[in-house]
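Dear colleague,

I am passing on the structure below, together with some notes on what turned up when its parts were examined. Please read the notes with the structure open beside them.

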Amino acid sequence: MTQEKWGLLRNKLLKAVGKNNYTTWIEPLEFQELQDGVAVFSVPTNFMGNYVSQNFADLILYEMNTAGESVERLAFRVAANLPARPSTDAAPEPAPEQSLSQQAQVGNDALGSLQAAPLDSRFTFDSFVVGKPNELAHAAARRVSEGGPVTFNPLVLYGGVGLGKTHLMHAIAWELKTKCPDLNVLYLSAEQFMYRFVQALRERRMMDFKHLFRSVDVLMVDDVQFIAGKDSTQEEFFHTFNALVDQNKQIIISADRAPGEIKDLEDRVKSRLQCGLVVDLHPTDYELRLGILQTKVQQYSSTYPDLTIADGVLEFLAQRISTNVRVLEGALTRLFAFASLVGREIDMDLTQDCLADVLRASERKITVEEIQRKVSDYYNIRLSDIIGPKRLRSYARPRQVAMYLCKQLTSRSLPEIGRRFGGRDHTTVMHGVKRIEELKTTDGQIAEDVEMLRRSLEA
Ligand SMILES: Nc1ncnc2c1ncn2[C@@H]1O[C@H](COP(=O)(O)OP(=O)(O)OP(=O)(O)O)[C@@H](O)[C@H]1O
């Protein structure tokens, strides 16, 4: 493929993804070569390569193949000399929304490289589908996005992979920008916080760094678990956090688990995070997944106006793909791209053909042995103690948790489960399952243990 052809394709991509996404994600890509079905691009950062790969790869592949190229996959190489942001002399102009990151560079020209991460224009409250599993997180995010007096500080959103934490954080930032354009909102990932801290140390510009982070009105740090175990970064984060809270500035944090559960996160950081409102995004249920699919289909209808989707397909996908929303979205994107390539309606046959690998992966069965192993690791006891005869409470409770999870997550009958727990009777299993069901409503720790284990088994 020639550079010229890539230039033409970029125009198509501009139409498909919109100006903001184009300027932020597509324009900085430099096409290098197409060899053996792999199209190679240079990107300024790994982050950008990963982002494009997760969010736009299907679309780029589709456009390339439609243009007559034979491309199976994309590869991204980091080129050190590329600008992290698109150059200004290439059309189109950055959309005004992108200036949110510039607002974050509060009066510190010398720290031009310390920008906020770009926000995804698709991640708004309008496009966020609310259901039982995420209604509390959504309500809290809405409240913070009103920009009124700070009522809970920090707001911590936590939950498993791909459940919408980043989406909600971006939505808050967009909303604040509209409602309170004078606020300095700084959104970045914990990884970026660390790199900026290291950069400031290296360049002996800690004062600049401190000034930058202490003069924002709203600090949003995504995936805070990343700084766990990184002592100096945690320390700086701790001081930044305190300085902002003292000034009554809003802090919003996301993490992949409850702050108390983040291994190697200092206790003082954990306790600061627990001071505000900590809300959980629960794994999606069928209704929420279906709602998300329906919303996405509506969004796609402008890009693919001629495509139709047969009855039952969305219900089938919502039923079958329960891992995370990112996988669900990816499946739908792929379906649309594929259907448009072959010019067919999206029906069950096409869905099964096109998504065979995703559907196979989602069929992964959780085994009794896997549960026993996870539970023994979690409670730090030996596998043989879970299965064996000892009746000590420190073994009996984890054993009951394991039995409960076997009942919930596998299709094994009670007698079968009993057999795999050292030949116990099915009534023992039934008692264990009932006991955990009761404790889940009265003992917060057990409820959390079960939830954590379930998540890690389903991940
Ligand atoms: N309730 C929802 N409504 C609409 N889209 C959603 C919802 N939840 C998640 N998504 C979509 O799923 C994708 C993954 O969401 P997001 O990146 O926010 O997940 P995350 O929780 O931050 O995951 P990670 O832990 O991997 O960072 C995004 O494209 C997001 O728009």
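Predicted model: local features only at pLDDT ≥ 70, side-chain atom pairs only at ≥ 80, totals over all residues.

**The parallel sheet**

The strands β5 and β6, the latter covering residues 218-222, pair in the parallel sense over five bridges. They belong to an open sheet of five strands, arranged in the order β5-β6-β7-β4-β8 with parallel pairing, and its edges are formed by β5 (185-189) and β8 (277-281), each of which pairs on one side only. From one strand to the next the twist of this sheet averages 15 degrees. Helix α8, made of residues 190-202, packs on the sheet and touches both β5 and β6, with a direction that makes about 95 degrees with that of β5.

**The mixed sheet**

Another open sheet has three strands in the order β1-β2-β3, and here the pairing is mixed. Its edge strands, pairing on one side only, are β1 (30-35) and β3 (73-78), while the twist averages 25 degrees from one strand to the next. Strand β2 (residues 38-43) runs parallel to β3 and is joined to it by six bridges; within this pairing, Ala 39 has Leu 74 of β3 as its bridge partner.

**Surroundings of the ligand**

The ligand is surrounded by 19 residues, of which Gly 164, Lys 165, Thr 166, His 167 and Val 325 are the closest. Two helices, α7 (165-179) and α14 (325-342), each supply at least two residues of this shell, and at the level of domains, at least three residues come from each of domain 2 (99-281) and domain 3 (286-362). Sorted by class, the shell comprises seven nonpolar, seven polar and five charged residues.

**A pair of crossing helices**

Helix α19 (residues 393-409) and helix α21 (residues 426-442) have axes that come within 8 Å and cross at roughly 95 degrees; because this angle falls in the range of 65 to 115 degrees, α19 is roughly perpendicular to α21. On the α19 side the contact is made by Arg 399, Gln 400, Val 401, Met 403, Tyr 404 and Lys 407, which meet Val 429, Gly 432, Val 433, Arg 435 and Ile 436 of α21. By class, this contact has six nonpolar, two polar and three charged residues.

Definitions and conventions
Residues numbered from 1 in each chain as written. Axes fitted to C-alpha atoms, helices over the stretch in contact; angles between N-to-C directions. Helix = DSSP H or I, 4+ residues; strand = E, 2+ residues; numbered from the N terminus. Parallel < 35°, antiparallel > 145°, perpendicular 65-115°, else oblique. Contact = placed C-beta atoms within 7 Å. Nonpolar A, V, L, I, M, F, W, Y, C, P; charged D, E, K, R; others polar. Near = placed C-beta within 6 Å. Domains from an automatic or database assignment. Pairing = 2+ DSSP bridges.
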